[in-house]
Amino acid sequence: MEAKAIARHLRVTPMKARRVVNLVRGKQTTEALAILKFAQQGASEPVYKVVASAVANARQKADQQGLPFNEDELYISEAYVDEGPTMKRFQPRAQGRAFRINKRTSHVTVVVATPEKGGEK
């Protein structure tokens with residue numbers, strides 16, 4: 001079973017968000033949430049919320065299908081950051097010039113799954 005959560009238009013640059021997502025990719029969800037809770041990066045809080053949302057979605061999906069749910073079995077099977085729309089702002093510079101500032105946004109996607117029982121991974 002797998003469940004997915006997406007956070008769109010986060011005001012974090014994709015490069016900074018990818019640093020945080022790379023910390024937790026492939027880990028158990030309980031371990032990932034503990035890592036994100038104490039990570040120093042500013043992007044760790046929105047990524048924490050996305051992972052927690054994916055776990056809640058998995059719990060909801062298990063309840064709807066009548067399956068037993070154990071949060072300790074979940075792991076992060078996929079986690080990636082895509083670039084969102086860029087807000088363009090202008091700052092005045094010397095001699096009447098204008099300097100463009102790009103305020104970048106991110107789309108963070110996290111997929112949690114339970115390990116498959118059987119011959120495969």
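Tutor: Start with a sorting rule: Ala, Val, Leu, Ile, Met, Phe, Trp, Tyr, Cys and Pro count as nonpolar, Asp, Glu, Lys and Arg as charged, and the others as polar. Keep in mind that this is a predicted model.

Student: Which classes of residue make up the lining of the largest pocket?

Tutor: Six of its lining residues are nonpolar, two are polar and three are charged. Among them are Met1, Leu67, Pro68 and Phe69, along with Glu73, Glu116 and Lys117. Asn70 and Thr114 also line this pocket. The space inside comes to about 180 Å³.

Student: How should I read the nonpolar core?

Tutor: In soluble globular proteins, nonpolar side chains tend to be buried together. Here the largest nonpolar core has 26 residues. Val51, Ile76, Val108, Val110 and Val112 touch the most other members.

Student: Which elements give two or more residues to this core?

Tutor: Three strands do: S1 (2–10), S2 (75–83) and S5 (106–113). Helices H1 (14–24), H2 (29–37) and H3 (44–65) do as well. H3 gives the most, six residues.

Student: Take Ala58 in helix H3. Is Ala58 buried or exposed?

Tutor: The cut-off for buried is under 20% relative accessible area. Ala58 has 0%, so Ala58 is buried.

Student: How far apart are Ala58 and Val12?

Tutor: In sequence, 46 residues separate them; in space, 26 Å, C-alpha to C-alpha.

Student: What about the aromatic rings?

Tutor: The structure has zero aromatic pairs. A ring can also sit under a charge. The charged end of Arg93 lies over the ring of Phe99, 5.2 Å from the ring centre.

Definitions and conventions. Residues numbered from 1 in each chain as written. Predicted model: local features only at pLDDT ≥ 70, side-chain atom pairs only at ≥ 80, totals over all residues. Heavy atoms only, no water. Phe/Tyr/Trp six-rings, centres within 6.5 Å; stacked < 30°, edge-to-face > 60°. Lys NZ or Arg CZ within 6 Å of the ring centre and 35° of its normal. 1 Å grid on protein atoms, 1.4 Å probe; cavity = no way out; pocket = protein on both sides within 12 Å on 5 of 7 lines; lining within 4 Å. Points joined across faces, edges and corners; volume = space filled by probe spheres on them. Core = buried A, V, L, I, M, F, W, Y, C linked by side-chain atoms within 4.5 Å. Buried < 20%, exposed > 50% of the residue type's maximum accessible area, 1.4 Å probe, protein only. Helix = DSSP H or I, 4+ residues; strand = E, 2+ residues; numbered from the N terminus.
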